[in-house]
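Let's take a walk through this model, starting inside one chain and working out to where the chains meet. Have the 3D view open as you read.

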Number of protein chains: 2
Amino acid sequence: MMRRYVIVVEYLGIGLHGWQIQENGPSVQGLLESALAPLNGGVPVPVTGAGRTDAGVHATGQVAHLDMEREIEPEKLVAAINHHLKPAAVSVIGARLAPEGFHARFSATKRHYLYRIINRPARLALEEGRAWHIAEALDEAAMREGAKRLLGHHDFTSFRAAQCQSQSALKTLDQLDVEQRGDEIRFTVSARSFLHHQVRNMVGTLKLVGAGKWRPEDVSAALEARDRAAAGPTAPPDGLYLTHVEYQEFGF
Amino acid sequence: MMRRYVIVVEYLGIGLHGWQIQENGPSVQGLLESALAPLNGGVPVPVTGAGRTDAGVHATGQVAHLDMEREIEPEKLVAAINHHLKPAAVSVIGARLAPEGFHARFSATKRHYLYRIINRPARLALEEGRAWHIAEALDEAAMREGAKRLLGHHDFTSFRAAQCQSQSALKTLDQLDVEQRGDEIRFTVSARSFLHHQVRNMVGTLKLVGAGKWRPEDVSAALEARDRAAAGPTAPPDGLYLTHVEYQEFGF
């Protein structure tokens, strides 16, 4: 009998070619599938993630499922995968048996992201590759004003990558909080689902507001234009973290 | 006329051989001295730090001074050093002219360190090299009890490295807070000065208390023994950050 397991995965995006298996370099999915092979008679086990993060994007709580004939205690599954993942910057931090009909991507009811900007003149040492460094002073209050204008149900065509495969650009943005702590500005973002590059395109647009190049109301105009060219540039992947995926079936 | 400048330095200890210039690999001091050379007619400028951090130890607020004939705006000094430091994981985050008689090491009135443990079964991905990973469950309350017993004026011989060059082992420990947030346990430590490896030896000892191998009162016995062999092992450098150095002369 096939058993479906759910795993929660943490990874550092630096040096990885994103979640999805690529021919030209290591991916999180590929590393996981290879790490599972020794538990499956040497045959890689297909792994399906909740979201396909891009190259350079990090995760503290990506969720994925995998099917195996073998029955194994979830704690032992975690330890075994992690043993074979070494020394990659990918770690399975939790596992459990999936409930009936569970699918990591289609069962997800909410996805949460964090985007980090470090706003200071000096280049990054500790946070290089882990945050977007912006040297010019940003106005947090103005960015928060701009962010409010993106909340709710909208056609997000202006914030959608050209290669986005979603059938519709209509999405409901539930949360886009902007919070400054010292020289760090954190965007906490959540929705049932996102368009490709949507978070990075929203942050790249709000950065224009923070820098005083746009007014907060220009964000509404960009949204209404339904044209990618009307919004700001794509923020780099460095600052983006998939932090949490919600499912009706259980808490994580 | 020689001018003394004070700089605040952030660095990632991974891959560096510590603060002090070494023959066998890159050091923070060496990288800074080389980065200053182009501003000084090609001649490296000696840099004196507040504390000599070991290989693998990080800093968010190391302080150092340097003397140059050249008069330069502090902001320009920051930008110029950082330009030449690239791509090292070292960044100067602030600078100013030093007050009369200032010395980065001898004028310091207090040093602040952070030590991070990540306490979970799964290996580290995002925080590899940036925290001490401990898989067995630790009791935060017991560690806090043990920590209290180290506060105040004591002979810290039991927590001193054999190669320590301090004239006396008598030190006053002002702060040793233990705080858990999720799976992270943070030790916030401050004193006018520390013995070599003192913070790492205290954390390594408190870990024994957290793991239930020692009782909190055993920490007092270790302290009273005045014998390095009576205390716990040295915690790895990975979790240690020099966060802040205080001076009577100014706020940072």
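In helix α2 of chain A, the residues L77(A), V78(A), A80(A), I81(A), N82(A) and L85(A) are buried, where buried means under 20% relative accessible area, exposed means over 50% and partly exposed is in between (1.4 Å probe, protein chains only). Helices (H or I, at least four residues) and strands (E, at least two) are DSSP runs, numbered from the N terminus. The buried residues of α2(A) pack against β1 (3-11), α1 (28-36), β3 (58-68) and β4 (90-97) of chain A. The helix itself covers residues 74-85, and its twelve residues reach 16 Å from first C-alpha to last, close to the 16 Å expected at 1.5 Å a residue; that expected span is 1.5 Å times one less than the number of residues.

A word on the ground rules: this is a predicted model, in which local features need pLDDT of at least 70 and side-chain atom pairs count only at pLDDT 80 or more, while totals for chains, interfaces and linings use all residues. Residues are numbered from 1 along each chain as its sequence is written, chains are lettered from A and ligands numbered from 1 in the order in which they are written, and side-chain values use heavy atoms, with hydrogens and water left out.

Staying in chain A, look at E184(A) and R116(A), which form a salt bridge with their closest N and O atoms 2.8 Å apart; the rule asks for a side-chain nitrogen of Lys or Arg within 4 Å of a carboxyl oxygen of Asp or Glu. E184(A) sits in strand β9 (residues 184-191) and R116(A) in strand β5 (residues 108-119), so the pair ties together parts of chain A that are 68 residues apart in sequence. Both E184(A) and R116(A) are buried.

Chain B has a salt bridge of its own between the side chains of E136(B) and K213(B) (3.4 Å, N to O). Here E136(B) is in the loop between β6 (132-134) and α3, and K213(B) in the loop between α4 and α5 (216-225), so this link spans parts 77 residues apart in sequence. E136(B) is partly exposed at 33% relative accessibility, whereas K213(B) is exposed at 53%.

Now find N201(B), in helix α4 (residues 198-210) of chain B. Why does N201(B) count as buried? Because its relative accessible area is 0%. Its side chain makes a polar contact with that of T234(B) at 2.6 Å. Such a contact is a pair of N or O atoms within 3.5 Å; within protein, one must be able to donate a hydrogen and the other to accept it, and residues adjacent in sequence count only if both atoms are side-chain atoms.

Finally, the meeting of the chains: 25 residues of chain B are in contact (heavy atoms within 4.5 Å) with 25 residues of chain A. The area buried between them is about 1,700 Å², with carbon and sulfur atoms giving 54%; buried area is the accessible area (1.4 Å probe) that two parts lose on being put together, summed over both. On the chain B side, R123(B), A125(B) and L126(B) lose the most area to chain A, together 43% of what that side buries. The rule finds two salt bridges across this interface, and E10(B) and R120(A) meet in a salt bridge at 2.7 Å, N to O.
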